[in-house]
Amino acid sequence: MNAFWENDFVATAGHYSVVVLSTIVFLAVFELVTKYKNWKEIRRGNLSVAMATGGKIFGIANVFRHSIAQNDSMLEMLAWGCFGFVLLVLGYLIFEFLTPTFNIDKEIEKDNRAVGFLSLVISVGLSYVVGAGIR
């Protein structure tokens, strides 16, 4: 039975399943953190929300990519992925805090593409920093 769980195909399917489920949960948490409704705005064609959401998805996937590469157990991989997600959320909140002259969420909701793109780049950039720190 141990050989089954050590099979590369089984391990890959396991990592894939855990990361997909985690991404769904994490996107739901991001939905609570932002003032706009991601999927409603994307359905309306709001490119800024799509860019910001795409950056979050990429950021989560990148953190998990490093977590999978650095950890042997599924539990450690998930723990580091969750920790990385918390850091990404903190990065988003810091981004909001450091721009007191305008509200990031409102600008993204109004389809300010410059702000949406900046949000995407911050999520992706921070995910590389977080990923580099995963042991």
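**Exercise 1. Find the partners of α2 in this predicted model: which helices do its buried residues pack against?**

Solution.
- Start with the partners. The buried residues of α2 pack against α3 (38-43), α4 and α5.
- Now list the residues. H15, V19, S22, T23, F26, L27, F30 and E31 are buried in α2.
- Look at the spacing. Residues three or four places apart in an α-helix point the same way, because a turn takes 3.6 residues.

**Exercise 2. Check the span of α2 against its 26 residues.**

Solution.
- At 1.5 Å a residue, α2 should span 38 Å.
- The end C-alpha atoms of α2 lie 36 Å apart, which agrees.

**Exercise 3. Repeat the check for α5 (residues 74-97), then name its packing partners.**

Solution.
- Helix α5 has 24 residues. From first C-alpha to last, α5 reaches 34 Å, close to the 34 Å expected.
- Its buried residues include M77, G81, G84, F85 and L88. V89, G91, Y92, F95 and E96 are buried too.
- The buried residues of α5 pack against α2 (8-33), α4, α6 (104-109) and α7 (113-133).

**Exercise 4. Work out how α4 and α7 are oriented: roughly parallel or roughly antiparallel?**

Solution.
- Take the angle. α4 and α7 pack at about 5°, with axes 7 Å apart.
- Apply the cut-off: angles under 35 degrees count as roughly parallel. α4 and α7 are therefore roughly parallel to each other.
- Inspect the contact. Among the residues that meet are L47, M51 and F58 in α4, and F117, L120 and V124 in α7.
- Sort by class. The contact of α4 with α7 has 10 nonpolar, 10 polar and 2 charged residues.

Notes:
Residues are numbered from 1 along each chain as its sequence is written. This is a predicted model: local features need pLDDT of at least 70, side-chain atom pairs count only at pLDDT 80 or more; totals for chains, interfaces and linings use all residues. Side-chain values use heavy atoms; hydrogens and water are left out. Helices (H or I, at least four residues) and strands (E, at least two) are DSSP runs, numbered from the N terminus. The expected span of a helix is 1.5 Å times one less than its number of residues. Buried means under 20% relative accessible area, exposed over 50%, partly exposed in between (1.4 Å probe, protein chains only). Contact means heavy atoms within 4.5 Å. Axes are lines fitted to C-alpha atoms, for helices over the stretch in contact, and angles run from 0 to 180 degrees between N-to-C directions. Angles under 35 degrees count as roughly parallel, over 145 as roughly antiparallel, 65 to 115 as roughly perpendicular and the rest as oblique. Ala, Val, Leu, Ile, Met, Phe, Trp, Tyr, Cys and Pro count as nonpolar, Asp, Glu, Lys and Arg as charged, and the others, Gly among them, as polar.
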